[in-house]
Amino acid sequence: MKKITPVMLVLLLVASLMANIDVTNLETTEEIEETGARNGPDAEVVAITSPKESVCNPTCSNTIFVGQATTFEAYIQNSGDQDLTEMGYRVSIYLSDQQGSPDMLAKDQNGTDLVWENNNVVCDFNCEFTSIAAGAVYKNGKTTLQFEGNDITWTPIAGEYIIYIEIISEQDVNRENDDQMIFVKVEDYIDIEVEIEWKDDG
C-alpha cells in the first residue's frame with residue numbers, strides 16, 4: 001500500500017472542497033460597468049462654473065467682494081440612456097465651518113434663508129422644456145440658474161460660504177451625481193491710502 005504524504009492530504013482536501021462548490025457560481029460574472037447603473041434618465045450636475053471656487057493656501061484667490069451682485073452658472077447634463085422628462089434644481093448658500101463644509105443656511109439682510117428652488121425646468125406643462133434627450137446638456141452648455149423667470153442673484157456680505165446646487169427629480173436613476181458644492185470667500189474692499197510729504201532741504 002502506497003504511503004499517503006502530507007502533499008497528497010492537501011490535494012485530497014482541496015478536491016473535496018471543490019466538489020461542494022456549485023459550478024454555476026464560478027461562472028457568474030458581476031456587471032461592474034458604470035453605465036449599467038444608468039438604465040434610465042440621469043440628471044447630473046457636472047460642475048458649478050460661476051462663481052469660481054475660492055482657493056486659500058494660505059492667501060485666497062477667486063474671492064468675491066462684499067456687495068458684488070453674484071449669479072450662479074452650472075453645467076447640467078442628462079447622463080442617462082433615456083429622455084429626462086421631469087427636473088428642477090435648488091440653489092442653497094450655507095455658512096462654511098472651519099473644515100470648509102456646510103454648517104447652516106446663510107441668510108440675507110432681511111433674515112430670509114438663501115435658498116432658491118426652481119421646479120419648472122423640465123415637465124410636460126408650463127416648463128422651459130418638456131424633455132432633455134439622453135446624453136444632452138441642459139441649454140447646450142453652462143447656464144445661468146433662474147428663479148421665477150429671473151437670474152438668481154446674491155448680494156453677499158463678508159464671510160466664508162458653501163454654494164450648493166442640487167437636482168430635483170423623481171425619475172433620476174443615479175442620486176450620487178445630483179449635486180455639487182464649492183467654497184466661496186467674500187472679502188471686504190481694502191482701501192489703500194497713500195500720503196506724500198514734501199520736504200524742503202533748505
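Please keep in mind that the model is predicted.

I shall begin with the cysteines. The count of disulfides comes to 2. As a reminder, a disulfide is a covalent bond between the sulfur atoms of two cysteines. If the bonded cysteines are numbered in sequence order, the pairing reads 1-2, 3-4.

Is C123 buried or exposed? C123 counts as buried because its relative accessibility is 15%, and the cut-off for buried is under 20%. C56, with a relative accessible area of 34%, is partly exposed. C60 likewise counts as partly exposed, at 24% relative accessibility.

Let me turn to the strands. An open sheet of 3 strands has the order β1-β6-β10, and its pairing is antiparallel. The edge strands of this sheet are β1, residues 43-50, and β10, residues 143-144, each of which pairs on one side only. Between β1 and β6, the latter spanning residues 73-78, there are 6 bridges. Within that pairing, I48 has A74 in β6 as its bridge partner.

A further set of pairings involves β15, residues 179-187. Which way do β14 and β15 run relative to one another? Strand β14, residues 159-168, is antiparallel to β15, and 8 bridges join the two. In that pairing, I162 stands opposite F183 of β15. By contrast, strand β4, residues 64-65, runs parallel to β15 and is joined to β15 by 2 bridges. There, I64 has V186 as its bridge partner.

The largest pocket has a volume of about 240 Å³. Its lining comprises 16 residues, of which K107, D108, Q109, L114 and T155 are the closest to the centre. The elements that contribute two or more residues to this lining are β9, residues 115-122, and β13, residues 153-154. What is the make-up of the lining in terms of nonpolar, polar and charged residues? The lining divides into 9 nonpolar, 4 polar and 3 charged residues.

That concludes the presentation.

Key:
Residues are numbered from 1 along each chain as its sequence is written. This is a predicted model: local features need pLDDT of at least 70, side-chain atom pairs count only at pLDDT 80 or more; totals for chains, interfaces and linings use all residues. Side-chain values use heavy atoms; hydrogens and water are left out. Two strands pair if DSSP finds at least two bridges between them. Helices (H or I, at least four residues) and strands (E, at least two) are DSSP runs, numbered from the N terminus. On a 1 Å grid over the protein atoms alone, a cavity is a set of points where a 1.4 Å probe fits but cannot get out, and a pocket is an open set with protein on both sides within 12 Å along at least five of seven lines; lining residues have an atom within 4 Å of a point. Grid points are joined across faces, edges and corners, and a volume is the space filled by probe spheres set on the points. Ala, Val, Leu, Ile, Met, Phe, Trp, Tyr, Cys and Pro count as nonpolar, Asp, Glu, Lys and Arg as charged, and the others, Gly among them, as polar. A disulfide is a pair of cysteine sulfur atoms within 2.5 Å. Buried means under 20% relative accessible area, exposed over 50%, partly exposed in between (1.4 Å probe, protein chains only).
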